[in-house]
Amino acid sequence: MLEALKNKKLGRWLQGGPQDDVVLSSRSRLARNIAGYPFLTRAGKSQVARIEELVHKKILDAGFKPPLQYYRLDRIDPFDLRLMVERHLIARNHADSDLVRGIAFSEDESLSIMVNEEDHLRMQTIYGGMQLAEAADAVIKVDNILAEHLPYAFSADYGYLTACPTNVGTGMRTSVMVHLPAIMMSRDMDKLTRICEDMNLALRGLYGEGTHGAADIYQISNNVTLGITEQEITGHVETATKLIVDLERDIRDSLKTKHGKELDKRLGKTLELLHNIKSISSEEALNMLSLLRMGTRLGLINELTESKMDELLFMSLPAHLQTIARREADSVKRNEMRASYIRKNLKSLENKNEET
Amino acid sequence: MSEESEGVCQECGRDKAKIHITDFIDGKPVKKHICQKCYDAEGGMPSLSSSDLFAKLVGIIAPEVKKAGRQKCSDCGIDYIEFRQSFKFGCAKDYVLFKDALDELFEDIHGASHHTGRVPEGKAQSATGTKQRVEMLNRELAKAVEKEDFERAAQLKRKIKQVEQSSVGSIKK
Ligand SMILES: [Zn+2]
Ligand SMILES: [Zn+2]
């Protein structure tokens, strides 16, 4: 495993932030290509390697402070690639590609720059909780630094030119990761989808298959990148997120007042189940932990601290679980490991509560 | 969709060169004539299939193709149909080459066909003409004034002045 990923605190964005009862993280990314080179779709192998070499060098030349770590993804262990995907350092496409490609990231993992993903460059910033404006400002700063060293492909008509027409213009994709267990429980998704449609935003489940994401964690992001300013994009996502946060909180409150007993029962059952479980899949774990996360935030259970809860949720993902065990494992073994990890953490938290 | 061709592949010197692309060596275009096998081995685009799906796509995009024309990009070798099939551009030049069809396509995707966002600073500026930059900033300025965002308007005015002055400097040299 890469030293940079081992034995260190999880990314800063995972340690919470404003309004993190609902908003887990805020992210902003910019897509850029270098003028004078073809896009990766039409670049031969040797060209792809030349682009990586150039961008790699310029990222190092740019002298980011604190300095970024750079890795060639085509030279590292596939297991580390999966870790990076779970940590939101790289996109799944970037992990699965077979191009000469790289990643630069900051120590606290709040900034990462993907080299030769779909575009020559994709830089992103990710912060904990609701910090959209902060994330957007930060990624624009990074863009300005790199622009001193790299001539971007840009046109006065269409803005920053990207391989895919859906990214052209600002090249900006701004998103929030939100935890929406109460909206999902109410089975009334209409309001949620309407908010997103009204503001032309995309809504998708973050984990698992289909529209109903595991752990009730969703990503909301802008569809439109052309004919709109960076501030407008960020503003739209922010406005919609505020509405969604209010909606989720309202339903949580009414769940607590109207169905408090039922909710208590479900929380109790889930806790008991997790205390005794011998094997559990990633999806099951995410769904149960999602309920516990809401219960914790509503003050209905106090066995778990808020930050520990999020760490538990995150460490239940397949690749991260294996880092705890320090080895690779098949899915049967993983399900056992996951169950034991959750059991152990619930127990240690209980002990802590008793001590205090 | 193979093109008529003469000559042999520059890579293997054996098969007929069917693909004519422009390779970029250190940012400078160099013409290349290679066979399908070598092109695929280079990791190029797979050749177009003649499936029903393709025929259907061509039907749908026929009006766009009429506007864009059937010419291939002299830099990356892509034509409009290939672009629409993969929905990926091959190089920056395609945006100019297919412009007549793109304005409408972008209206469909983005509800707009003109950039109003940021403009590159620093070295990246060299890719844009000063005149275009000032025009763009003026557009942004008009928008800011319309929205009564005077703080942004003042910021843009300063930026316009900066750009104009820096261009005077560069003309002098
Ligand atoms: Zn050949
Ligand atoms: Zn081209």
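About 4200 Å² is buried between chain A and chain B, and carbon and sulfur atoms give 55% of that area. On the chain A side, the residues that lose the most area to chain B are Arg42(A), Tyr158(A) and Pro165(A). Together they account for 19% of what that side buries. The model is a predicted one.

Now count residues. Chain A puts 50 residues in contact with 50 residues of chain B. Polar links run across the interface too. There are 20 residue pairs in polar contact between chain A and chain B, counting pairs with both residues at pLDDT 80 or more. Five salt bridges join chain A and chain B. In one salt bridge, the side chain of Glu232(A) meets that of Lys147(B), at 3.0 Å from N to O.

Which elements of chain A give two or more residues to the side that touches chain B? They are the strands β1 (23–32) and β7 (159–160), with the helices α1 (45–61), α4 (132–147) and α7 (230–258). By residue class, this side of chain A holds 23 nonpolar, 17 polar and 10 charged residues.

The model has two cavities of 30 Å³ or more. Two helices of chain A, α9 (282–297) and α10 (306–315), each supply at least two lining residues. The largest share, three residues, comes from α10(A). The lining of this largest cavity divides into nine nonpolar residues, one polar and three charged.

Notes. Residues numbered from 1 in each chain as written. Chains lettered and ligands numbered in written order. Predicted model: local features only at pLDDT ≥ 70, side-chain atom pairs only at ≥ 80, totals over all residues. Heavy atoms only, no water. Contact = heavy atoms within 4.5 Å. Buried area = accessible area lost by both parts, 1.4 Å probe. Salt bridge = Lys/Arg side-chain N within 4 Å of Asp/Glu carboxyl O. Polar contact = N/O pair within 3.5 Å; in protein donor to acceptor, adjacent residues only side chain to side chain. Helix = DSSP H or I, 4+ residues; strand = E, 2+ residues; numbered from the N terminus. Nonpolar A, V, L, I, M, F, W, Y, C, P; charged D, E, K, R; others polar. 1 Å grid on protein atoms, 1.4 Å probe; cavity = no way out; pocket = protein on both sides within 12 Å on 5 of 7 lines; lining within 4 Å. Points joined across faces, edges and corners; volume = space filled by probe spheres on them.
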